[in-house]
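Keep the structure open alongside the text.

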Amino acid sequence: MQLLPILLTTFPLLPLTVASPGCGHPLHPPPTPGASSSLLNLPSDHHSFPSRQYLLHLPANYHIYSPLPLIIAFHGKDQTAQEFERQSEFSKPLLNTLGALVAFPQGVGKMWTGDPEAPSRRERDDIGFAAALLDHLVNTYCIALERVYVVGFSNGGGLVDLLACDEGVSTRIAAAAIVSGAIYKDKSLKLEKGEKLFDVCRPRRVPVPVLEMHGSRDPVIHYDGKSTPDGETWPVEEWVQGWKVRNGCKEGEKPTWEGEVHGGSAKKRTWSCGVGAEKQEVLVHYTIEGFGHGWPSIKRQEDDEKQRFGPVSWNATRDIVDFFGSKSLPSEWRVPGKWVRDEL
Ligand SMILES: *[C@@H]1O[C@H](CO)[C@@H](O)[C@H](O)[C@H]1NC(C)=O
């Protein structure tokens, strides 16, 4: 174990992979690679997050010596991890073409930090929980440290925004994806005096490549933000503008690509900007025409169609996995076993 982490070359043409400290750890099933996911506990001994659970999918080709990508997928409010796994289908090999491990954490009271009903971070800190879960996963399983991704739906998407904005977590994730993100204005939340959530975003590493998809008729998190029923949210375009500038694009910079995708059902905009010589894709936004609040997919989702106004003719999961597939943490951040560099 002390010999790890070691540098492993996967294939000659692929970049170097940094094996996580969990590589080489014998697997004590469950979970069994390729079998259905298992609900597991975050060990309470070394973290301050007692009895927190997550559902884990191990792909069929999981092997303790070959690092694979990791996706951490955060459910929406009032959902369970199992429901979100069924809804998003990230565990399906057909859609999870990266062959990534997928962890679906379970929120306490089926919600996350950033929801108007969630307590303050001092009472329940889901940003800290997500970081602790990431520690636990990379120390237990064989993960390619440069290919860790976070994705979330609605309230889970709000948490993903907070993770991408977080000083520490931003240095550990290669990219973030959000569907129907619940990005509230801080004044809509129960915060302690001086506590800031969505109103402040200071990632330590930029760019953090971000993808967001939002239905133009979302009845839960309105596109304009102002008339959102549970409290004002960031207008989607304003939030996009924030990430554009934060990720190194100029204020007035036009998307490098703009057009309709999926037979015209979504307008997709891509911004490629760059610090340095190389421009890279740093922000992608889909405006899904006529779509409501839900996970865009071909599958019918019985309990959900009243607010989703779906199904659509495509699978968001596929687009998200493709987006993740082209992103990896730049080499200077790939520090095995140590996340935050001492200096920049
Ligand atoms: C979308 O996902 C469904 C599974 O729900 C699958 O049958 C279908 O082939 C997928 N389509 C695409 C275009 O990925």
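This is a predicted model: local features need pLDDT of at least 70, side-chain atom pairs count only at pLDDT 80 or more; totals for chains, interfaces and linings use all residues.

R172 pairs with D135, and their closest N and O atoms are 2.7 Å apart. R172 sits in the loop between α3 (155-165) and β8 (175-179), while D135 belongs to helix α2 (residues 126-140), so the bridge ties together parts that are 37 residues apart in sequence. R172 is buried, at 6% relative accessibility. D135 is partly exposed, at 22%. The cut-off for buried is under 20% relative accessible area.

Side chains of opposite charge can pair when their charged atoms come close. In this model the count comes to 16 salt bridges. Another joins R147 and E146, with N and O 3.6 Å apart. R147 is partly exposed, at 23%.

A further bridge, between R269 and E237, spans 2.8 Å from N to O. This pair links distant parts of the chain: R269 lies in strand β11 (residues 266-273) and E237 in helix α4 (residues 236-246), 32 residues apart. R269 is buried, with a relative accessible area of 8%. E237 is partly exposed, at 36%. Salt bridges also form a network, in which shared partners join K77, D115 and E117.

Stay with helix α4. Which of its residues are buried? They are V236, W239, V240, W243 and K244. Viewed down the axis of α4, these buried residues fall within an arc of 145°, so they line one face of the helix. An α-helix has 3.6 residues a turn, so residues three or four places apart point the same way. What lies over the buried residues of α4? The cover includes α3, β8, β9 (210-215), β11 and β12 (280-288). After α4 comes G248, which has a positive phi near 100°.

Several of those strands belong to a sheet. Strands of a sheet pair through backbone hydrogen bonds, either parallel or antiparallel. This sheet is open, has 10 strands and mixed pairing, and runs in the order β3-β4-β6-β5-β7-β8-β9-β12-β11-β10. Its edge strands are β3 (38-41) and β10 (257-261), each of which pairs on one side only. Neighbouring strands are turned by 20° against each other on average, direction ignored.

Now look at individual pairings. Strand β5 (residues 68-74) runs parallel to strand β7 (residues 143-153), and 6 bridges join them. One of the partners is F74, which bridges to G152 in β7. Helix α3 packs on the sheet and touches β5, β7 and β8; its direction makes about 135° with that of β7. Helix α6 (residues 316-325) lies across β5, β7, β8, β9 and β12. It runs at about 165° to β8.

Strand β6 (residues 101-105) comes next. How many of its residues are buried? The count is 5 of 5. L101, A103 and P105 point one way from β6, and V102 and F104 point the other way. All of them are buried.

Both sheet neighbours of β6 can be traced. Strand β4 (residues 53-57) is antiparallel to β6, joined by 4 bridges. Y54 has P105 of β6 as its bridge partner. On the β5 side, 3 bridges join β5 to β6, and the two run parallel. L70 stands opposite L101 in β6.

Finally, step back to the whole chain. It holds 6 helices and 12 strands. The radius of gyration is 19 Å, close to the 20 Å that the globule rule gives for 344 residues, so the chain is as compact as a globular protein of that length. Its C-alpha atoms fill a box of roughly 55 × 45 × 45 Å along the principal axes. Buried residues make up 57% of the 344 residues. Among contacts with a separation of 6 or more, 69% are between residues 24 or more positions apart. The bridge between R172 and D135 is one link across such a gap, tying parts that are 37 residues apart.

Conventions
Residues are numbered from 1 along each chain as its sequence is written. Side-chain values use heavy atoms; hydrogens and water are left out. A salt bridge is a side-chain nitrogen of Lys or Arg within 4 Å of a carboxyl oxygen of Asp or Glu. Buried means under 20% relative accessible area, exposed over 50%, partly exposed in between (1.4 Å probe, protein chains only). The arc is that of the directions from the helix axis to the C-beta atoms. Contact means heavy atoms within 4.5 Å. Two strands pair if DSSP finds at least two bridges between them. Axes are lines fitted to C-alpha atoms, for helices over the stretch in contact, and angles run from 0 to 180 degrees between N-to-C directions. The radius of gyration is taken over C-alpha atoms; the globule rule is 2.2 Å times the number of residues to the power 0.38.
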